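Work through the following exercises with the sequence and the model open side by side, and check each step of the solutions against the coordinates.

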Amino acid sequence: MITPLPRALHPGAWWLWALGLAVAASRTTNPVLLLLVIAVAGYVVVSRRTDAPWALSFRMYLLFGAFIVVMRVLFRIVFGGGQGSTILFTLPEIPLPEAAAGIRLLGPVAAEQLLGGVYDGLQLAAMVICVGAANALANPKRLLKSLPGALYEIGTSVVVALTVAPQLIESVQRVRRARRLRGASGKGRGALRGILIPVLEDALSRSLALAAAMASRGYGRLGATAPRARLLTGLLVIGGLLGVCAGLYGTLDPSASRLLGLPLLLGGLALAVTGFLLGGRRVRRSSYRPDRWRTGELLAAGSGLTAGALMYVSTRVDPANLYPSLSPLSWPEVAALPAVAVLVGLLPAFLTPPPPLPTPSTPPQQAAAPQDAVAREEKTRA
């Protein structure tokens, strides 16, 4: 078997893979399957992420997912968690006026409600972690190059938004390293103040410098277009995207009407694509290195979409194991088809090219930037 050469995949392939996994997570509340989705996303990220700044943000999404689960459980405890037959403990109930009838604060807490909070929170956390996996694997600059011409006006805002969080994480590491080299090893509020201001300054300045570089190179230069053509393009794009959102809701919600699902999704896609094509005519741009899709991209995107499709089929064939029973309580069981659907998302870790080799360390003149920020902040405090 010939091993493919190391290279970074197209960011669109990673986003399609991650969205397919997120769709699979949205079709079940089974904690075993949801933990399997998180494990699959984490393994692929560890296997295929590069040493780029945005690749360091996956841990933040894991922490955010854990925070979501904890908050959903706390909400179930605070706002009436006693609906069930298995009472675990009882908290002092806070009386409310008649205007808040139907709402209860604290009181008895049942196991059914706690498990319901865990299941719902884990489902949302798995979807968030899938999006975090796409952010950790996809190069936002290459993704920006692939945007349709109708979206070039908001491209600068998009790239700043996509790069602030990864740059923030990298800046924290650089500033902490610079503080250790300067002998500042304090803890507590003083250390936090000495880290926070240089980090925010460094991350924001780097993102704005990227946006300024894009503007200086003529990014998004438009040709002459009549106002009516711009209005038509905007209406088509906005109407198409709204149709796509409504169609996705109808597709993911089993109780929604069939007309609200696939037909509306396809109609919205048709309108959006038409608007993108019309908007792209007024943008003049040449490409030195076209970002093409090859076998690795097709395998990565296909595995994610296949995972979502197989999980959708599972909801039609045997939905009992996808939604564990809370009344009465029962152990979650996993059928073969949903497990295979999730494991299909693991294929990019083996079938796609490995990431490129790590780049050389940062030159001294670039590494001095956060140290200068720390020095300015210390002078300000003095």
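Helices (H or I, at least four residues) and strands (E, at least two) are DSSP runs, numbered from the N terminus. The model is predicted, so local features need pLDDT of at least 70 and side-chain atom pairs count only at pLDDT 80 or more, while totals for chains, interfaces and linings use all residues. Residues are numbered from 1 along each chain as its sequence is written, and side-chain values use heavy atoms, with hydrogens and water left out.

**Exercise 1.** Locate phenylalanine 79 and decide how accessible it is.

Solution. Phenylalanine 79 sits in the loop between helix 3 and strand 1 (87–90). Its relative accessibility is 42%, which makes it partly exposed, the class between buried (under 20% relative accessible area) and exposed (over 50%), with a 1.4 Å probe and protein chains only.

**Exercise 2.** Find which residues the salt bridges link in a network.

Solution. The criterion is a side-chain nitrogen of Lys or Arg within 4 Å of a carboxyl oxygen of Asp or Glu, and by it the count is two. Aspartate 120 meets arginine 72 at 3.7 Å, N to O; aspartate 120 belongs to helix 4 and arginine 72 to helix 3, 48 residues apart. Aspartate 120 also pairs with arginine 76, with the closest N and O atoms 2.8 Å apart; since arginine 76 lies in helix 3, this pair ties together parts 44 residues apart in sequence.
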